Amino acid sequence: MTPAIRGTGNLARRLILMTLIALGGLAQNAARGDETMPQLLPKNVAGWSAAGEDKVFTRNNIFEYMDGAGEIYLAYDFQRLLVREYMKWSAPRLVAEVYQMASSEDAYGIFSHDRDGQEILLGQGAIYGAGLLRFWKGRFFVRLQAESESEQVKQALLALGKKIVEAVPQNGKKPPLLAALPREGLIKESIHFFHTPVSLNVHYYLADSNVLNLSAKTDVALARYERDKRKMRLLLCRYKTPGEAEAAFEQFNKIYFHDRAAKTPMFRVEKVEKGEFVGAQCMGSSVILVFEAADRASCEWLSKLVAARVKGVSR
Amino acid sequence: MRHQREDKHEAVTRRDFLKGAAYGTLGVAMGLNLSCSGSNGGTAVGFDPVSMAKSLFQAENPLAQVVLVRNEAAVDSNHVVNAKVVGEMLDAAMKTFTGENDVAKAWQRYFRPQDTVGIKFTRCSYHRIHVDQAVIDAITARLAASGVSKERVHANDYGVPVKECTALINVPTIKVHSLTGIAVSLKNYINFTGRESSYHHDGSVKLGEAWLLPEVKGKTRLIIVDALRPYFGPGPQINPLHQWDYKGILVGTDPVAIDTVCLRLCQTKRNLFKGEEWVITPPPKSIAAADTQYHLGTSDPLKIKVVRLGWDKDALV
């Protein structure tokens, strides 16, 4: 090999090395979801092109984008939102919204907020319906919406979604609390994961006050179960400490069951309005509540199944 | 019954709401207190939300009357609104509501040429559930035909000069709302407060305050609800699966009655969508408070009469 060629080889190696470093940095940034968020979105897809300037919103100004709706995102650890519009001549406008959350658990959580639509295979979970595609991967939750729907629009949304999924380098883990949900009788698409009473109130009204002392530090799973063709609802709350769980459990008993006993039993089933049964149990750092059960046996069945699984779940 | 907590604060629970011991007649309007409501996942035998809804809003001596007009041609299969049909619907509703045979006379019952009229409509760009321009145009055209000059009419979402106005027309859409429960005419005035976000907490229970602001109080002459394409999903963001072409317009003067009718409409639609009871949450406390605390009208579905005109298929109320 001549020196000139050797020199070219060194240059090539340096270029390759620099490229690898740059790509590595890009991947790290994408994983962090910081200012390189725009690179998660392509300039063009299926004949549609990015139009106008990207918009970025943070916790401080999300209300400028969604007045009266930002509370739902702030109830999770939302960090940043990137919005990009795509245009194509004589075709509906597409709007891409990429939400960066602080954790993959919260990306899953906001994805679980509204699960109506058809489940499809994309990212770590995706739902499509009537020109709206939602999915999550890693710390990102993505909404892709078209002004109106056609087969061409649907394919464009799916292609855009696929490109975004490819640009997010890593998968993220689901909330560990979900492992405590028994599989038997579970209606999978009914699962919601959240932290605060704001989210609970959207899915299931329990009380005006924060009866369970929910906060940003609480992990909560809400799901429906079916047994003998009757449905019931499970609310599983995981606190930081057993003491917090006990305090929340005691408050719930006082307010919901009007309980004035000095010592609250750690597990109880009560018949309430409309002949429904409610189960309440405190176990370690968890409070397990079953609502709308058709009979005592169903209530006890679900409570015991959850209790058996809750022990092995880490925070 | 409300439970008195040890810290002396009252805590209303789901149990209180279900047995009708909280929020007045909201539970009745939503069908939660009816014996056949089938709250247990909708699996109760005979669950029929449509027939349940039809038993309400038929008061013989009503405290409030609401006219509902629908036309199958108002919205086409591409969700495009037909302005001409909308105008005809509005005329039919106003004639029935006032008992006048002449449209101009119907409007003259509420507005004089010397009035300065504010048309407060809903245009939320993010939610994309806003009043269709055809509805706004139909109203302004009929005001003009009844003698109110264009210069004296101010149609807007933000920026209605409410202090200058001698009369207001409340023109909302129908939208189930993740913080308020439902947003119709009561919430449409939230802009007038200048402190919108402060009204979102505690189920927006204080929305009635906006109606009692000195520059607003007593000025609302008509409420015209764009029910062409209501939204019944949880929000806050639009899922197109949760919007439907109802093709209706409602006219009335009682905001609480109007909102109660719309609450029942959306609750019934949600039940049909899921095939089981899918209760609107959080409870729209603003409606109950507007009745009992701010005295803006009635939320009792047994004291409200809905007069239905036109297309009757899937009317739901």
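## Basis of the description

Axes are lines fitted to C-alpha atoms, for helices over the stretch in contact, and angles run from 0 to 180 degrees between N-to-C directions. Helices (H or I, at least four residues) and strands (E, at least two) are DSSP runs, numbered from the N terminus.

The model is predicted: local features need pLDDT of at least 70, side-chain atom pairs count only at pLDDT 80 or more, and totals for chains, interfaces and linings use all residues. Residues are numbered from 1 along each chain as its sequence is written, while chains are lettered from A and ligands numbered from 1 in the order in which they are written.

## Helix packing in chain B

Helix H8 (residues 255–274) of chain B packs against helix H9 (residues 285–292) of chain B at an angle of about 150°, and their axes lie 10 Å apart. H8(B) is therefore roughly antiparallel to H9(B), a term for angles over 145 degrees. The crossing of H8(B) past H9(B) is left-handed, meaning that the near helix is turned anticlockwise from the far one by less than a right angle.

On the H8(B) side, the contact (C-beta atoms, placed from the backbone, within 7 Å) is made by Pro255(B), Val256(B), Asp259(B), Thr260(B) and Leu263(B); H9(B) supplies Ile287(B), Ala290(B) and Asp291(B). By class, these residues comprise five nonpolar, one polar and two charged. Ala, Val, Leu, Ile, Met, Phe, Trp, Tyr, Cys and Pro count as nonpolar, Asp, Glu, Lys and Arg as charged, and the others, Gly among them, as polar.

## The sheet of chain B

Chain B has an open sheet of seven strands with mixed pairing, in the order E5-E4-E6-E9-E10-E3-E11; two strands pair if DSSP finds at least two bridges between them. Strand E5 (153–156) and strand E11 (304–310) of chain B are the edge strands, each pairing on one side only. From one strand to the next, the twist averages 15°.

Within this order, strand E3 (residues 64–70) of chain B runs antiparallel to strand E10 (residues 248–252) of chain B, joined by four bridges. Arg70(B) has Gly248(B) as its bridge partner in E10(B).

## Strand pairing in chain A

Seven bridges link strand E2 (residues 48–58) of chain A to strand E3 (residues 78–87) of chain A in the antiparallel sense, with Ala51(A) partnered by Glu85(A). E3(A) is also antiparallel to strand E4 (residues 94–101) of chain A, through eight bridges; here Phe78(A) stands opposite Met101(A). E3(A) and E4(A) form a hairpin with six residues between them, and Ser90(A) in the turn has a positive phi of about 60°.

## Interface between the chains

In the interface, 33 residues of chain B contact 39 residues of chain A. Helix H1 (residues 14–18) of chain B gives the most to the chain B side, with three residues.

Note on methods:
Contact = placed C-beta atoms within 7 Å. Parallel < 35°, antiparallel > 145°, perpendicular 65-115°, else oblique.
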